[in-house]
Amino acid sequence: MSFLEFFMIAVGLSMDAFAVSICKGLSLPKMRWKYAVIAGIYFGGFQAGMPFLGYLLGASFQDLIRSVDHWIAFILLGIIGGNMIKESKSEIEQMDSSFGVRAMLPLAVATSIDALAVGVGFAFLQVDILPAVCFIGAVTFVFSAAGLQIGNLFGTKYKARAEAAGGIILILMGCKILLEHLEILG
């Protein structure tokens with residue numbers, strides 16, 4: 001995979017965390033950079049950890065399903081992307097302004113479940129996982145921190161668009177993987 005492909009996947013995966021960060025930013029009476037760091041660590045850490053876990057699971061079963069790995073990546077990315085687009089059309093949830101473990105842990109887990117499936121796909125594609133997950137975590141950290149600031153400044157105007165864009169990116173990446181393995185794209 002090229003750098004651009006990794007970047008697009010990282011951006012696509014970070015959109016859920018970005019959208020939640022925008023909502024968290026809405027709930028803040030005053031933006032503090034400490035909050036941006038906390039959100040970045042939670043969301044970036046889980047977005048890095050989940051694909052790593054998925055990779056380990058996928059690598060365990062790699063020999064069994066190597067002949068259909070491109071279909072698995074296509075289906076997983078399509079489902080994840082479709083769910084993100086669907087969620088972008090749903091009502092905006094109310095967020096509290098807490099950045100404690102009880103508030104942030106469930107959000108971090110919920111926004112990173114899709115990354116677990118991407119990690120399984122990475123195992124089938126034999127991606128060098130450590131640089132990939134570090135990059136995904138770093139991109140998510142930046143998007144989460146920026147999302148807090150944007151939410152605090154602009155409100156909910158861009159939440160749905162960000163989530164939809166992330167979904168579209170993941171679907172397009174799934175299509176590209178499938179078309180390359182079917183030798184339709186070179």
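I began with the meeting of two helices: in α1, L13, A17, V20 and S21 meet A39, F43 and Q47 of α2. By class, I find five nonpolar and two polar residues in this contact, and no charged ones. A reminder to myself before going on: this is a predicted model.

**Entry: how α1 and α2 lie**

I looked up the geometry of the pair next. Helix α1 covers residues 3–27 and helix α2 covers residues 33–60. Their axes are 10 Å apart, and the packing angle is about 155 degrees. Angles over 145 degrees count as roughly antiparallel, and α1 and α2 are therefore roughly antiparallel to each other. I also noted the handedness: α1 passes α2 in a right-handed crossing.

**Entry: α1 against α6**

Then I followed α1 to another partner, helix α6, which spans residues 129–154. Here the axes come within 7 Å and cross at roughly 35 degrees. This crossing, too, I have down as right-handed. Sorting the residues of the contact by class gave me 19 nonpolar, eight polar and one charged.

**Entry: T140**

Which residues does T140 touch, leaving aside its neighbours within four places in sequence? I got A10, S14, A17, F43, G44 and Q47. T140 itself lies in helix α6. Is T140 buried or exposed? Its relative accessibility is 0%, so I put T140 down as buried.

**Entry: S112**

S112 is found in helix α5, residues 101–124. Not counting residues up to four places away in sequence, S112 touches F46, Q47 and M50. Q47 turns up here again, having been listed among the contacts of T140. With a relative accessibility of 0%, S112 counts as buried.

**Entry: cysteines**

How many disulfides does the structure hold? I found zero. For a disulfide I would need a pair of cysteine sulfur atoms within 2.5 Å. While there, I looked up how open two cysteines are. C134 has a relative accessible area of 54% and is therefore exposed, the cut-off being over 50%. C175, at 27% relative accessibility, counts as partly exposed.

Methods:
Residues are numbered from 1 along each chain as its sequence is written. This is a predicted model: local features need pLDDT of at least 70, side-chain atom pairs count only at pLDDT 80 or more; totals for chains, interfaces and linings use all residues. Side-chain values use heavy atoms; hydrogens and water are left out. Axes are lines fitted to C-alpha atoms, for helices over the stretch in contact, and angles run from 0 to 180 degrees between N-to-C directions. Helices (H or I, at least four residues) and strands (E, at least two) are DSSP runs, numbered from the N terminus. Angles under 35 degrees count as roughly parallel, over 145 as roughly antiparallel, 65 to 115 as roughly perpendicular and the rest as oblique. A crossing is left-handed if the near helix is turned anticlockwise from the far one by less than a right angle, and right-handed if clockwise. Contact means heavy atoms within 4.5 Å. Ala, Val, Leu, Ile, Met, Phe, Trp, Tyr, Cys and Pro count as nonpolar, Asp, Glu, Lys and Arg as charged, and the others, Gly among them, as polar. Buried means under 20% relative accessible area, exposed over 50%, partly exposed in between (1.4 Å probe, protein chains only).
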